[in-house]
Amino acid sequence: MKILRIIFINLLVFISLFGILEIFARYAFPEFKGHIFSESKSMNVTYIDGSFYGYQIRSPSTGFEVSVDKPLVLIFGDSISGGVGTAYEDIWWHRLDRLLNVKGENVQVISISGYGNNMGDSTANIISAINKISADKELKIARIIYQFNYNDIMPYTSADLEASTPLNTDFFGKFAKWRYAHANKSVFLRTMQHYAGILVRDTSGTCEDREWHALGPYTWTFGSKLYAEESMEYWRQFEENLATIDQITQELGAKFEIFISPILYDIDDEKKHLHYNHLNYDFSCATIAPKERLLDIANKMNIHIYDPAPELKRSFEARIQEDNFEPYFFTADDNHFTPVAAAYIAEVIAKEWND
């Protein structure tokens, strides 16, 4: 009985301490509330997976079917176009779909996107999808839009990265899923994960000393100094991939275009977002100006580029001037933009649709 009493007292103390820490975290770090990911939740927002010719697509409802009586606009991208943390109605390409129909454009916009996709993934997806979809003579592809992310250019596809991760085991995979779906319900545990992520990375020192930590997933797109030479080679391969997709699209009688997905550092010069650049990425390590390089490639191939960053920056600064700050990116996330930013992005693309 004495042992049971000791266990009960210790358990009570632990629960009380955890409860106090949880209350403190919810008060001090409310921005980390709701960071829940599961089979049906993304940032605690419900999402529904659908299927289109065997490809995963985001759907507004169970049993949703893509219209076959309208020309298709196919979006190829990553989790941004998958709508992370965003209701279907607020995803940038679905907002675009509604705006285009208001303008009288008779099209159906859908996204074939994968979580973690980079250009290596998307090239295979686009070619495979075109071959499958074009075989169905009832469907017509009007445009293919590639959602370029500044972390797209790297030596690996997402599958390669997963395979090379030391923690790529069934146990750690299952633990990560449990953590995202259940442990993240605790704001305290989610906050601890955030700061633990900083501790395991090299956040200070020279570009060479920090290696890939200096620019993280943007290392090769921006050509971090230590990786400058190989970055040029990956950019060359990227250009070849674009040319391949452009040629296939032309053979299909469709347009190929690129949407540059903005990142936090394009928009927020005043560092208003909470946990701004918490991993201390050092863009002075860059040897490549990726936007300029991409524009040069697109000009050579006569590919239209949608770049909503200037309009996002304008609107963001207008809100700051008005003292009405609204986050354009999710907490501690420099890549995934919020529904507020998505609305502006859709407007920019709709305005330039037939330019």
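This is a predicted model: local features need pLDDT of at least 70, side-chain atom pairs count only at pLDDT 80 or more; totals for chains, interfaces and linings use all residues.
**Exercise 1. Find the disulfide and work out its handedness.**

*Solution.* 
- Step 1: A disulfide is a covalent bond between the sulfur atoms of two cysteines.
- Step 2: search. Going through the whole structure turns up one disulfide. C207 and C285 are the partners, with an S to S distance of 2.0 Å.
- Step 3: The bond links distant parts of the chain, 78 residues apart: C207 is in helix α8 (residues 207-210), while C285 is in the loop between α10 (264-267) and α11 (290-301).
- Step 4: read the torsion. About the S-S bond of C207 and C285 it comes to about -90°, so this disulfide is left-handed.
- Step 5: check burial at both ends. C207 has a relative accessible area of 7% and is buried; C285, at 0%, counts as buried too.

**Exercise 2. Describe helix α7 and how it packs against α1.**

*Solution.* 
- Step 1: get the span. Helix α7 runs over residues 187-199, 13 residues in all, and its first and last C-alpha atoms are 19 Å apart. At 1.5 Å a residue you'd expect 18 Å, so the value is close.
- Step 2: look at the N-terminal end. S186 caps α7 there, with a side-chain oxygen 3.4 Å from the backbone nitrogen of F188.
- Step 3: pick out the buried residues. In α7 they are V187, F188, R190, T191, H194, G197 and I198. Helix α1 (2-28) is included in what covers them.
- Step 4: bring in the geometry. The axes of α1 and α7 are 8 Å apart, and the packing angle is about 70°. Angles of 65 to 115 degrees count as roughly perpendicular, so that's the label for α1 and α7.
- Step 5: name the contact residues. From α1 come F18, L21, E22, A25 and R26; from α7 come V187, F188 and L189.

**Exercise 3. Zoom in on E22 and say what it is in contact with.**

*Solution.* 
- Step 1: locate it. E22 belongs to helix α1.
- Step 2: check burial. With 10% relative accessibility, E22 counts as buried.
- Step 3: list contacts. Setting aside neighbours within four places in sequence, E22 is in contact with K185, S186, V187 and F188.
- Step 4: compare chain and space. E22 and L189 are 167 residues apart along the chain, yet their C-alpha atoms are separated by 8.2 Å.

**Exercise 4. What is the phi of M43, and what is the phi of K271?**

*Solution.* 
- Step 1: Most residues other than glycine have a negative phi.
- Step 2: read the angles. M43 isn't a glycine, but its phi is positive, about 55°. K271, also a residue other than glycine, has a positive phi near 55°.
- Step 3: M43 is in the loop between β1 and β2 (45-46), and K271 is in the loop between α10 and α11.
- Step 4: M43 is buried, at 17% relative accessible area, whereas K271 is exposed, at 56%.

Key. Residues are numbered from 1 along each chain as its sequence is written. Side-chain values use heavy atoms; hydrogens and water are left out. A disulfide is a pair of cysteine sulfur atoms within 2.5 Å. Helices (H or I, at least four residues) and strands (E, at least two) are DSSP runs, numbered from the N terminus. Buried means under 20% relative accessible area, exposed over 50%, partly exposed in between (1.4 Å probe, protein chains only). Contact means heavy atoms within 4.5 Å. A polar contact is a pair of N or O atoms within 3.5 Å; within protein, one must be able to donate a hydrogen and the other to accept it, and residues adjacent in sequence count only if both atoms are side-chain atoms. Axes are lines fitted to C-alpha atoms, for helices over the stretch in contact, and angles run from 0 to 180 degrees between N-to-C directions. Angles under 35 degrees count as roughly parallel, over 145 as roughly antiparallel, 65 to 115 as roughly perpendicular and the rest as oblique.
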